[in-house]
Structure formats: structure tokens, C-alpha cells
Amino acid sequence: MRDIVDRACEAALYNQDDAGLDAGASVLVAEGDRWGGVGQALLARGEAYLRQAWERGWRPADVLRLVRRDLEQPHLRITEDLIAAEARRYARLPERWTEAEVWWGDDPQYGERLVQRERTDRFSLAGTVLEVFRLLIRLPSIEPVGPLPGDPADVLEHAHIEPRMLGRIRALLAKAEATTFPEEAEALSAKAQELMARHTVDAALLAVKSGTVQIPGACRIGVEAPYEEAKAVLLDAVASANRCRSVWNSAYEFSTVVGFESDLEAVELLYTSLLVQGTAAMTRAEAGQRAGGRKRTKTFRQSFLLAYASRLGQRLAETAEHTVADTVAEAPGNLPALVARDVAVTSRAEEMFPRTTTTRLRGATDLAGWEDGTAAADRAHMADARRASLRQ
């Protein structure tokens with residue numbers, strides 16, 4: 001079956017038009033009575049292409065994001081199958097490695113089980129698989145954010161947010177997302193950010209006292225359309241407030257965040273929550289605008305989210321600075337440990353991205369959107385006046 005797949009891939013993967021895909025699919029379905037073997041061979045070929053993608057710096061979440069953007073749902077499901085199949089060879093997967101389920105049983109059954117699941121003909125399925133392959137082989141090399149699965153170097157233990165603390169932070173942010181009262185959301189988000197900032201200080205001091213060697217890591221967070229520029233600004237603000245660095249890749253819809261593991265966890269949690277809160281606030285504000293007869297929905301949303309991200313960035317920075325300042329004031333000897341972590345993160349970011357450029361954002365052209373976005377950010381910010389009442 002390998003020679004059949006070789007001929008199909010040669011016909012389909014290196015042409016720009018759909019004629020090559022059709023030719024390759026025809027080669028695959030010509031062996032109608034041997035479809036089980038063809039399906040198994042396609043699965044193996046897909047695993048090989050994925051491994052090449054991992055070696056170029058990609059991770060499962062990055063590939064799935066790109067497939068979701070550029071192809072269709074059947075392609076996405078097939079890609080998930082390939083990821084699940086490829087992961088079977090490893091006893092241990094790196095952190096943040098997307099896992100999927102091997103649902104089809106033995107590999108020789110995959111072809112027929114796939115036909116049953118997708119409820120379509122073999123020719124269409126063969127073309128879909130080849131389209132996935134074509135996307136995979138065209139992936140360029142990008143900056144790696146961690147070890148490959150199976151890499152012997154993947155033995156370094158990272159300091160995570162303590163489970164009890166993590167549970168408290170998640171619970172606070174979940175309540176902030178669920179409430180319809182801005183003041184309550186503000187207080188809940190404030191407490192969550194304060195816990196994160198204090199945890200950063202505690203982690204730095206613990207590493208120094210224990211003599212534990214920790215190095216900054218990195219992760220990728222999706223920054224997807226629409227309004228991706230505003231989302232990238234918001235993520236950068238959250239990263240900076242939590243002593244991390246963020247670099248946006250607009251072409252592939254993600255930002256790479258560099259920092260210590262527990263801080264990366266905090267960034268992921270807070271960014272996701274504030275994005276949910278901001279989107280909900282934008283929807284409510286937009287409804288009010290439309291009730292008044294305005295129809296500039298797209299410009300309103302763009303301006304709203306840019307203002308929200310810009311204003312919130314200022315507030316996050318203020319809150320983080322005040323929390324750390326209070327801690328250092330209580331124990332001035334803590335400052336060197338924090339400075340050392342900042343230097344390590346900056347050095348790691350510069351090593352990963354020696355050449356970065358700035359980008360000009362599309363302007364916020366809707367005054368009402370900007371004003372409403374600023375107000376929403378003020379409601380979400382971590383107000384100094386509430387800090388005493390938030391402490392336990």
C-alpha cells in the first residue's frame with residue numbers, strides 16, 4: 001500500500017490546483033477492495049508528516065488552529081485522528097501537548113470506520129486527507145516552545161501554580177465571567193490578579209531559598225480573527241503584568257508568551273477570562289448602540305476592543321506593580337529575586353526572537369466604541385480602593 005500512497009501524494013501534494021487532489025484521490029480509491037490497507041497507510045503517512053511538523057517547531061494546537069482557519073470540519077477531525085495516532089508512540093507527552101482519542105480500534109479498520117463517521121464516499125474522503133497532508137508539508141519552521149515528544153531532554157520539572165491556589169483563581173474568574181454586575185466582576189478579577197502577583201513573588205523566593213534552578217519556558221496562545229489586533233494587545237498587556245513577554249505572529253494567529261511556568265499559567269487564565277468579559281461587555285454595549293439606531297457594528301467592535309485592551313493594560317500594570325511594591329516594602333531583600341527572574345525572561349525572549357518588528361494597528365475610528373471600551377476596562381480593572389477588602 002505504501003507505493004499507492006506514494007503515487008497519490010506525488011500527484012496531489014505538490015500542485016496548487018484541485019486537479020492534483022482529484023488525481024491523487026483517484027489513485028487511492030482505485031484499490032476499492034483494499035481500502036482498509038489504504039486507510040492504514042494514509043494514517044501512517046499522516047503520522048510521519050506530523051512528526052516533521054513537530055520538528056519544525058509546531059505543536060498540535062497550532063496545527064489544529066490553522067486547519068480550522070483554512071480548511072473545513074472534516075479536515076479538522078482527520079487531523080485530530082492523525083495527532084492521536086502519532087501520540088501513541090510516546091510513553092510521555094510534553095506539557096501543553098494536545099491529546100486526542102484513538103477511536104477506530106486497530107489501524108486496518110480506520111478507512112472503513114472513517115467512511116462511517118463522515119458519512120461520505122471514499123473519493124471525497126481521500127481528497128480530504130490529501131488536503132490535510134498538503135497543509136502539513138507546507139508548514140514552515142517556527143520557534144520551538146518546548147521539547148519534542150519522546151525527547152530525553154524533556155525531564156525538567158517546572159514549578160506550577162499550587163493546585164489549591166489554582167482552584168481559587170479559576171473559581172474567581174469563573175464567577176467574574178458569569179456575573180452580570182460590573183462591580184462584582186471587578187472585585188472578583190481583582191482578587192484573582194492579586195493572587196497571581198503574590199504567587200509570582202512567592203515562587204521567586206522559594207526558588208532562591210531552595211536552590212532550585214528554574215529557567216523560563218514558553219507557550220503559544222491563539223489570537224484569532226476577528227479583531228485579532230485588539231486581542232494581541234490585550235494578551236501583551238496581561239503577559240507584561242505577569243512578568244512575561246509576548247510576541248505576536250499575525251500570519252498564523254498566535255502569540256508566543258515567554259516566562260516562568262506558573263506565570264504562563266496565570267497569563268493563560270487571566271487572558272481567557274478578560275477576553276470573555278470584554279466580549280460580553282462589548283455585546284451589551286453594542287446592543288445599546290443599535291437600540292439607538294446606530295449600525296456601524298464592525299467599527300464599533302474594533303474600537304471597543306482596542307480601547308478595552310489599551311485601558312486594561314494600564315490597570316493591570318498598576319495593580320501588579322502595587323502588589324509587588326507592597327511585598328518588597330515588607331521585605332526589601334525580596335527585590336533581587338524578582339529582578340533576576342525579569343532578566344532571565346527578557347534574555348530568553350531575545351534569544352528566541354532576535355529580530356522582531358512593530359506593527360501599525362488599524363485605528364479606532366468609532367468614538368462611542370472607544371468610550372464604551374474604556375469604561376468596560378475600568379469596570380474590569382483591579383482598583384486600589386478595593387484591595388484592602390479583597391485580602392483574606
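Me: Which is the crossing of helix 2 and helix 7, left-handed or right-handed?
Reply: This is a predicted model, in which local features need pLDDT of at least 70 and side-chain atom pairs count only at pLDDT 80 or more, while totals for chains, interfaces and linings use all residues. Residues are numbered from 1 along each chain as its sequence is written, and side-chain values use heavy atoms, with hydrogens and water left out. Helices (H or I, at least four residues) and strands (E, at least two) are DSSP runs numbered from the N terminus, and a crossing is left-handed if the near helix is turned anticlockwise from the far one by less than a right angle, and right-handed if clockwise. By that convention, the crossing of helix 2 and helix 7 is right-handed.

Me: How are helix 2 and helix 7 set to each other?
Reply: Helix 2, residues 18-29, packs against helix 7, residues 122-137, at an angle of about 125 degrees, and their axes are 8 Å apart; axes are lines fitted to C-alpha atoms, for helices over the stretch in contact, and angles run from 0 to 180 degrees between N-to-C directions. Angles under 35 degrees count as roughly parallel, over 145 as roughly antiparallel, 65 to 115 as roughly perpendicular and the rest as oblique. Helix 2 and helix 7 are therefore oblique.

Me: How many charged residues take part in the contact of helix 2 with helix 7?
Reply: Contact means heavy atoms within 4.5 Å. Helix 2 and helix 7 are oblique to each other, and their contact includes Asp18 and Asp22 of helix 2 as well as Arg122, Glu131 and Arg134 of helix 7. With Ala, Val, Leu, Ile, Met, Phe, Trp, Tyr, Cys and Pro as nonpolar, Asp, Glu, Lys and Arg as charged, and the others, Gly among them, as polar, the contact divides into 7 nonpolar and 3 polar residues, and the number of charged ones is 5.

Me: At roughly what angle do the axes of helix 10 and helix 12 cross?
Reply: Among the residues of helix 10 in this contact are Val233, Leu234 and Ala237, which meet a set in helix 12 that includes Leu305, Leu312 and Leu316. The contact of helix 10 with helix 12 divides into 14 nonpolar, 3 polar and 1 charged. The axes of helix 10 and helix 12, residues 297-330, come within 8 Å, and they cross at roughly 5 degrees.

Me: How far apart are the axes of helix 11 and helix 12?
Reply: Helix 11 and helix 12 are oblique to each other, and helix 11 passes helix 12 in a right-handed crossing. Helix 11, residues 261-291, packs against helix 12 at an angle of about 135 degrees, with a distance between the axes of 10 Å.
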